[in-house]
Amino acid sequence: TFKHITCRNNIYPKSTLQRFPVPDDFVFWSAEYVNYSPPIYTAPHINGQPWADPDIGCVDFQPKWNQLDGAVNRVSFNGIYKIENGLPINPIGRTGLSGRGLLGRWGPNHAADPVVTRWKRNADGSVSINSDTQKKMLQMVAIQRHDNNMWAIPGGMVDPGEKITATLKREFMEEALDSFENQKVIEDFFAKGNEIYKGYVDDFRNTDNAWMETVAYNFHDDSGAQVGKLALSAGDDAANVKWLDIDSTIKLHANHIDIIKEVIKRLNAYW
Ligand code: RP5
Ligand code: MG
Ligand code: MG
């Protein structure tokens with residue numbers, strides 16, 4: 001079974017706080033870890049932000065765990081999460097940190113990840129084929145994240161009440177495109193995607209009480225004449241953007257590579 005890696009045994013992002021060590025064998029809550037005493041941390045700047053929950057214990061904060069809480073989705077794709085001492089518990093296991101860290105929500109923080117792909121093409125316009133496997137080579141739109149410099153799917157958080165399909169398109173436009181041009185091409189393209197993954201994200205911001213989850217969709221431009229032909233432009237969370245050649249050597253943020261592998265499988269592309 002899956003064990004998170006990027007949210008363990010490191011310094012918590014944008015802080016000087018060392019996570020309490022969590023060796024592989026002690027990730028799952030079912031393993032007894034007598035000495036486990038993670039530091040408690042919630043980044044000071046998230047207090048009072050409109051996108052963030054109040055602190056647990058605030059009188060006017062009465063969260064409805066494991067359900068739709070007004071417009072805020074507190075349902076996890078990983079099933080019912082436990083509440084202990086008023087705190088939601090990470091469904092995968094220990095992270096070495098309690099509190100919310102940099103995340104706005106206690107419990108699941110919902111994101112959406114648009115995997116926009118096209119075939120890699122030769123100068124003459126023909127599709128590039130890997131000579132060993134005879135498989136077509138795929139490219140994806142990847143952004144380089146400001147927060148950890150890693151290449152990633154241009155995903156983002158689902159706003160309260162927002163439809164996933166809207167988040168996917170909005171985040172792609174904010175992070176990877178010049179949003180004000182080619183509206184028609186973009187609308188048509190994002191109207192048909194395939195759901196690839198939904199569930200927990202092994203994100204470096206996760207804590208014992210707050211974690212990322214995502215819904216990833218693939219939008220594939222088979223002819224290369226739709227979004228495949230548009231100029232990319234990095235914005236918002238993105239320091240850089242490019243069409244990234246996909247193969248088994250690429251490294252991506254969080255567990256995005258697992259999502260990409262699924263796209264590769266479905267499109268029967270070179271890996
Ligand atoms: C990831 O963080 C998710 O898979 C998604 O790509 C992203 C959302 O957070 P921000 O990009 O808004 O920081 O782990
Ligand atoms: Mg983002
Ligand atoms: Mg964003």
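**Around helix 3**

Tutor: Just after helix 3, asparagine 268 has a positive phi of about 50°. Helices (H or I, at least four residues) and strands (E, at least two) are DSSP runs, numbered from the N terminus. This is a predicted model: local features need pLDDT of at least 70, side-chain atom pairs count only at pLDDT 80 or more, and totals for chains, interfaces and linings use all residues. Residues are numbered from 1 along each chain as its sequence is written, while chains are lettered from A and ligands numbered from 1 in the order in which they are written.

Student: Which residues in helix 3 are buried?
Tutor: His256, Ile259, Ile260 and Val263. Buried means 20 or more other C-beta atoms within 10 Å of a residue's own, with C-beta atoms placed from the backbone.

Student: Where do they sit on helix 3?
Tutor: They fall within an arc of 100° seen down the axis, so they line one face of the helix. The arc is that of the directions from the helix axis to the C-beta atoms.

Student: What do the buried residues of helix 3 pack against?
Tutor: Strands 7, 8, 9, 11 and 12. Contact here means C-beta atoms, placed from the backbone, within 7 Å.

Student: New topic. What does methionine 140 touch?
Tutor: Leaving aside neighbours within four places in sequence, methionine 140 is in contact with Val115, Val116, Thr117, Leu244, Ile246 and Ile260.

Student: And ligand 1, which residues come nearest?
Tutor: Ala111, Gly155, Gly156, Asp203 and Ala254, of the 13 around ligand 1. A residue counts as near if its C-beta atom, placed from the backbone, lies within 6 Å.

Student: Which strands supply at least two residues of that shell?
Tutor: Strand 7 (107-119), strand 10 (156-157) and strand 12 (210-221).

Notes. Buried ≥ 20, exposed ≤ 12 C-beta atoms within 10 Å, placed from the backbone. Contact = placed C-beta atoms within 7 Å.
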